[in-house]
Amino acid sequence: MTTIAGHVDEWWSLAACQHVNPDLFFPISAAGPARAQIAGAKAVCARCPVRHDCLRYALAAGPVQGVWGGTSEEERRLLRQREAKARVRARRDGRAGVRPRPVRRRS
């Protein structure tokens, strides 16, 4: 079984952010001048070959700060809420063994 840490080792070296100042991905806030910083981080993520692995890592790791997989902390929180609601609906509808389809984000 691959652990989260082991999984990171598999894709981290291919990440586009490896060649960018890490401060870009950790804005002080989500408003004001930080919006431009978040947009810059997301632009790096948009061209990253392992963006989806990064997002999966951030979602599995729980609340992590900064921009990961092209999403902000707030966007990941909303994704987790949608996935939880989909699981509840699936159980309620008698499809407990069926995994909900992943939510696709618009870029």
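Helix axes are lines fitted to C-alpha atoms over the stretch in contact, and angles run from 0 to 180 degrees between N-to-C directions. Helices (H or I, at least four residues) and strands (E, at least two) are DSSP runs, numbered from the N terminus. The structure is a predicted model: local features need pLDDT of at least 70, side-chain atom pairs count only at pLDDT 80 or more, and totals for chains, interfaces and linings use all residues. Residues are numbered from 1 along each chain as its sequence is written, and side-chain values use heavy atoms, with hydrogens and water left out.

The protein contains four helices and zero strands. Along the sequence, the pattern reads α-α-α-α. Buried residues (under 20% relative accessible area; exposed is over 50%, partly exposed in between; 1.4 Å probe, protein chains only) make up 30% of the 107 residues. The accessible surface, from the Shrake-Rupley method with a 1.4 Å probe, comes to about 7,700 Å². Carbon and sulfur atoms hold 55% of that surface. Contacts are heavy atoms within 4.5 Å. Among contacts between residues at least 6 apart in sequence, 44% join residues at least 24 apart.

Two packed helices are described by the angle between their axes and the distance between the axes. For helix α3 (residues 51–61) and α4, the axes come within 10 Å and cross at roughly 75°. The two helices are therefore roughly perpendicular (65 to 115 degrees; under 35 is roughly parallel, over 145 roughly antiparallel, the rest oblique). On the α3 side, L55, A58 and L59 make the contact. On the α4 side, R76, L79, R80 and E83 take part. By class, this contact has four nonpolar, no polar and three charged residues. In this scheme Ala, Val, Leu, Ile, Met, Phe, Trp, Tyr, Cys and Pro are nonpolar, Asp, Glu, Lys and Arg are charged, and the others, Gly among them, are polar.

The buried residues of α3 are R51, D53, C54, L55, A58 and L59. An α-helix has 3.6 residues a turn, so residues three or four places apart point the same way. C54 lies in helix α3 and counts as buried because its relative accessibility is 11%. Beyond residues up to four places away in sequence, C54 touches W11, W68 and G69. After α3 comes G62, whose phi is positive, near 90°.

The loop between α3 and α4 holds T71. T71 is buried, because its relative accessible area is 0%. The side chain of T71 reaches the backbone oxygen of W68 at 2.8 Å. Such a polar contact is a pair of N or O atoms within 3.5 Å; within protein, one must be able to donate a hydrogen and the other to accept it, and residues adjacent in sequence count only if both atoms are side-chain atoms. W68 is also touched by C54. C54 and T71 are 17 residues apart in sequence and 9.8 Å apart in space, C-alpha to C-alpha.

E73 lies in helix α4 (residues 73–92). E73 counts as partly exposed, because its relative accessibility is 43%. Leaving aside neighbours within four places in sequence, E73 is in contact with V64, Q65 and G66. The side chain of E73 reaches the backbone nitrogen of G66 at 2.9 Å. E73 and A30 are 43 residues apart in sequence, yet 9.0 Å apart in space, C-alpha to C-alpha.

Q18 is found in the loop between α1 (4–11) and α2 (34–46). Q18 counts as partly exposed, at 34% relative accessibility. Not counting residues up to four places away in sequence, Q18 touches W12 and S13.
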